Amino acid sequence: MKVYVPMDSAAKALGADAVAEAVVAEAARRGMTLEVIRNGTRGMIWLEPLVEVDTGAGRQAYGPVAPGDVPALLDGTLPGLGRVEDIAFFARQTRLTFARCGVTDPLSLDDYAAHGGLAGLRRALGMTGAQIVAEVTDSGLRGRGGAGFPTGIKWNTVLGAVADQKYIVCNADEGDSGTFADRMLMEGDPFTLIEGMVIAGLGVGASRGYVYLRSEYPDAISVMNAAVQIARGAGVLGPDVLGSGRAFDMEIRVGAGAYVCGEETALLNSLEGKRGVVRAKPPLPALEGFLGKPTVVNNVISLATVPVIFEKGAAFYAGFGLGRSRGTVTLQIAGNVARGGLFETAFGMSLGELVLDVAGGTASGRAVKAVQVGGPLGAYMPPATFDTALGYEDLDAAGGLIGHAGVVVFDDTADMLGLARFAMEFCAVESCGKCTPCRIGAVRGVETIDRIARGDAEAISLLTDLCETMKDGSLCALGGFTPYPVMSALTHFPKDFARRKEAAE
């Protein structure tokens, strides 16, 4: 019998380690022979620790499981959930990037290969760099880290650059509130990120790669380091990738966790051992990036999606989605919500269907007041916008952005003025300080919102002007996007701001 207990950070925070220990102890007490496998999470966080038992007739799910439930679990009397694949939240997903997450042993390369791993790399090894880049371009893949820039165009720029050394840098500095897809992928299926980076290196002519990971993710750091060692030992990395005669190697670098280091040029500075401040563009990192060499900087999910594109073909991947938003989006549902977790689906589902149907509305049972899409710099979307399709252009037209696809739900007790103030304060704290609109504007923004809270109505127009200045004049997205949550709160929920005025009067 095999028992799967997630080793994902979220599952561990909810007691998965204690459950795993209880399973081993109870089996020993009974003289039972079983194998405990620490897999990644399936992404249904409200059911964690989600334990799966395979007696040879398929994996049956149980959750949330506490250590005290283990005797009944092994007796076969604990009420179960059936197969994970039949749970409604999971069954309606289209899992491409996360197809193996929670299914395989994260550090078993044999298990990875048995579930389709390395098929994409083997195909890519038979292609030229130009053919690899064309395949990514045809898939329609866009950067999943937030900017949504076409990956194929970025790769083609690096391919065309002439240099003695090129690099692949994976941006794993996941810092948006309510996001966890990068961490979940690295802890649950690290080889797919490694495979994606190798294919990227083959495509653009880079022989060296780095994963820039924040220090707050100790489990992901540990898993990724172990996976790199295993991949190198098996010849997936090194001077002779899978016996092809082509070279690519990589390592894991840990950053201190400054939010601005999620911006690609600040990340590159930090990776070089410098202070993590934003660089002015041009030059683009694709031409002068890490150590001044042509560099592909892509997010974890972008690179981890590359293997399935090469395994199944660009046309297969591009067959999902709508408009210019092709493929799948890995939505991370958090906040005051009944069913939080990771939901991978084709672009195009409406925001309302995701929040009210898939996620089941609020955990408190109260009405949804707002949904922040795109992290701490994303707009607050009111229920009136719930018909908006989840796609880059559709959200932009509705005044929002999809960003890293974090979705945070708030019920009708939320104080939108307080949330607007938090956005400005967040920017002030996390600003690298290089440009004035961000460094000074965010501080003045907090002060201006405090004036509004005290009943100063004239400060509302001042806040609007300040946001315009920050949006147009900031050097990077931190200052440039902070106006999204602030102005969306002010625009969609004016009563929250007016009430403070009445109270002051």
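Some ground rules. The model is predicted, so local features need pLDDT of at least 70 and side-chain atom pairs count only at pLDDT 80 or more, while totals for chains, interfaces and linings use all residues. Residues are numbered from 1 along each chain as its sequence is written, and side-chain values use heavy atoms, with hydrogens and water left out.

Let me start with the sheets. Helices (H or I, at least four residues) and strands (E, at least two) are DSSP runs, numbered from the N terminus. Two strands pair if DSSP finds at least two bridges between them. Strands of a sheet pair through backbone hydrogen bonds, either parallel or antiparallel.

Look at E1 (residues 2-4) and E3 (residues 51-54). They pair in the antiparallel sense, over three bridges. Lys2 stands opposite Asp54 in E3.

Now the other open sheet. Its four strands run in the order E7-E6-E5-E8, and the pairing is parallel. Strand E7 (249-255) and strand E8 (295-299) are the edge strands, each pairing on one side only. Neighbouring strands here are turned by 20° against each other on average, direction ignored. E5 (residues 167-172) and E8 pair in the parallel sense over five bridges. Across that pair, Val169 stands opposite Val297 in E8.

How many residues of helix H9 (181-188) are buried? Eight of its eight, and H9 is mostly covered. Buried means under 20% relative accessible area, exposed over 50%, and partly exposed in between, with a 1.4 Å probe and protein chains only. The buried set of H9 includes Asp182, Arg183 and Glu187, along with Met184, Leu185 and Met186.

The search runs on a 1 Å grid over the protein atoms alone. A cavity is a set of points where a 1.4 Å probe fits but cannot get out. A pocket is an open set with protein on both sides within 12 Å along at least five of seven lines. Lining residues have an atom within 4 Å of a point. Grid points are joined across faces, edges and corners, and a volume is the space filled by probe spheres set on the points.

The largest pocket has a volume of about 1,100 Å³. It is lined by 44 residues, and the closest to its centre are Gly146, Ala147, Gly262, Glu263 and Glu264. Helix H8 (151-160), E8 and helix H20 (477-481) each supply at least two residues of this lining. By class, the lining has 18 nonpolar, 16 polar and 10 charged residues. Ala, Val, Leu, Ile, Met, Phe, Trp, Tyr, Cys and Pro count as nonpolar, Asp, Glu, Lys and Arg as charged, and the others, Gly among them, as polar.

There are three cavities of 30 Å³ or more. The largest cavity has a volume of about 60 Å³. Its lining includes Arg144, Phe347, Tyr392 and His404. That lining has six nonpolar, three polar and one charged residues. The second largest cavity holds about 50 Å³. Cys432, Cys435, Cys438 and Cys476 are among its lining residues, as is Lys434. Its lining divides into eight nonpolar, one polar and one charged.

Last, the backbone. The peptide bond from Glu48 to Pro49 is cis, with omega near -5°. Pro49 sits in the loop between E2 and E3. Another cis bond joins Pro282 and Pro283, with omega about 5°. Pro283 lies in the loop between helix H12 (264-271) and E8.

Two leucines deserve a look. Leu118 has a positive phi of about 75° although it is not a glycine. It lies in the loop between helix H5 (109-114) and helix H6 (119-124). Leu242 has a positive phi of about 50°, in the loop between helix H11 (218-233) and E7. Which of the two is buried, and which is partly exposed? Leu118 is buried, at 6% relative accessible area. Leu242 counts as partly exposed, at 26% relative accessibility.

Notes:
Axes fitted to C-alpha atoms, helices over the stretch in contact; angles between N-to-C directions.
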